[in-house]
There are 2 protein chains.
Amino acid sequence: MHADQPVRTGRAKRLPRAVRERQILDAAVDVFSRLGFHAASMDEISEVAGISKPMLYAYLGSKEELFASCIRREATRMMEAIAAGVEPDQPPDVQLWSGLRAFFGFVGENRASWQVLHRQASSQGGPFAAELADMRGRAIGLVAALLLHSSETQDVPRAGDAEAESLAAALVGAGESLADWWLDHPAEPAGVVAARLMNLVWMGFGDLVQGHVWHPPNRR
Amino acid sequence: MHADQPVRTGRAKRLPRAVRERQILDAAVDVFSRLGFHAASMDEISEVAGISKPMLYAYLGSKEELFASCIRREATRMMEAIAAGVEPDQPPDVQLWSGLRAFFGFVGENRASWQVLHRQASSQGGPFAAELADMRGRAIGLVAALLLHSSETQDVPRAGDAEAESLAAALVGAGESLADWWLDHPAEPAGVVAARLMNLVWMGFGDLVQGHVWHPPNRR
DNA sequence: CGGTTAACCTACTGGTGAGTAGGTAAGAGT
DNA sequence: ACTCTTACCTACTCACCAGTAGGTTAACCG
């Protein structure tokens, strides 16, 4: 995924702090994703990063602070990737579709990031899960706004804020979960997984079993 | 959730092995769910169980074996709860509905079990995740069969096995995920959460934003 | 009431990993 | 060339925890 340092031999080359910090975070995400927070050791992270342990502490603080930094960085990267993917002045279903594509695209190309963000962060309690909850909250807000706007264009009065928000929560949850499932079934291409979720949540089984499917408008 | 032993004072009362084993598993589920596999210590589990550490090893073997026993027991309990809840000779949507109710009912009354099953087991690799994958596989099979049957009753030719199975996977994933979300929003009653998912996957947003909702047939 | 079994204990070992003390050298500024 | 800063290191300490050795007492059986 990220290029690994060759095996450490003696002293590492001197590099400016900002560069080292990035390398350390890359290494930490890699190790945390493979082993989980507790089983990951600072020794291993330092080794993968190509430096010695005291550097970790000098630059990123304690193990917990390092983990939190990983989560923050990856969460930000992901939200930016999604924001870059949506097409704001399209109809709601197309917006949802492009958001899903961007999301699954990111996860596919950054499996380690997703592993850390979703599985690790949420199974540690406390401030880590909170960091995640914050990101999820923003995502839910976006989807809820989409739904509200979508029901405004129809002239149906009934969709309230709470209704929209909880449906959005369910959809975001479904997305997280499907991405998680995808980690264990990596054969499928991102587009297929995204399309599957799109159909599920937009059409519903009730329509699908009758042969009604949703498909994207064919531009490009 | 489970009644805790009062504080250990000296020697514990002598009890038959089967009873102690159950107490130990109860304690282990509790501790694993709160702390996760790695952070949980055998000392703490033994303390919560009201016995001393060597008893754990005498009865349930190593830490890993103990964890695996927890997963197996809780997975079995859950599948049985769901099986007991479905009503086999109802139409597909009602079957799905009763399955969802049973599922969320179980999770609501056994949050610790769910925490161990879903979050902990899946974030440890290897044999633990495999144990889970097996259970999930069975659940997916059930739902897929339901969907296939459901599309047979309509005279639509197109739903193949693979299609049904991947949709089932998505639905099961959505259920897992919504249950997970629910852990952090315990205020909602089980029925509401179940109904939300039912509507999402059966009707889809496309219908919901137009005011079409699914509701259970009103028996009782 | 002895004797056997099985439930139960205290008290250790060995290993591992977080975090630190204290020192070395590479490059920048003068 | 000479110092100063800062990137970088080796080599520890200390705590915690999985797993065990070896001993104790309660119940049951004759």
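Predicted model: local features only at pLDDT ≥ 70, side-chain atom pairs only at ≥ 80, totals over all residues.
Local features need pLDDT of at least 70 and side-chain atom pairs count only at pLDDT 80 or more, while totals for chains, interfaces and linings use all residues. Residues are numbered from 1 along each chain as its sequence is written, and chains are lettered from A and ligands numbered from 1 in the order in which they are written.

Around DNA strand D there are 21 residues, where a residue is near if its C-beta atom, placed from the backbone, lies within 6 Å. A:Ala12, A:Ser52, A:Pro54, B:Met42 and B:Lys63 come nearest. At least two residues each are supplied by H1 (17-35) and H3 (53-60) of chain A and by H2 (42-49) and H3 (53-60) of chain B; helices are DSSP runs of H or I with at least four residues, numbered from the N terminus. This surface has 8 nonpolar, 3 polar and 10 charged residues, with Ala, Val, Leu, Ile, Met, Phe, Trp, Tyr, Cys and Pro counted as nonpolar, Asp, Glu, Lys and Arg as charged, and the others, Gly among them, as polar.

DNA strand C also has 21 residues around it, and A:Met42, A:Lys63, B:Ala12, B:Ser52 and B:Pro54 come nearest. Here H2 (42-49) and H3 of chain A, with H1 (17-35) and H3 of chain B, each supply at least two residues. The classes are 8 nonpolar, 3 polar and 10 charged.

Within chain A, helix H5 (residues 92-109) packs against helix H8 (residues 161-183) at about 35°, with axes 11 Å apart; axes are lines fitted to C-alpha atoms over the stretch in contact, and angles run from 0 to 180 degrees between N-to-C directions. A:Leu100, A:Phe103, A:Phe104 and A:Val107 of H5(A) meet A:Gly175, A:Ala179 and A:Trp182 of H8(A), contact being C-beta atoms, placed from the backbone, within 7 Å. This contact has 6 nonpolar, 1 polar and no charged residues.

Terms used: Contact = placed C-beta atoms within 7 Å.
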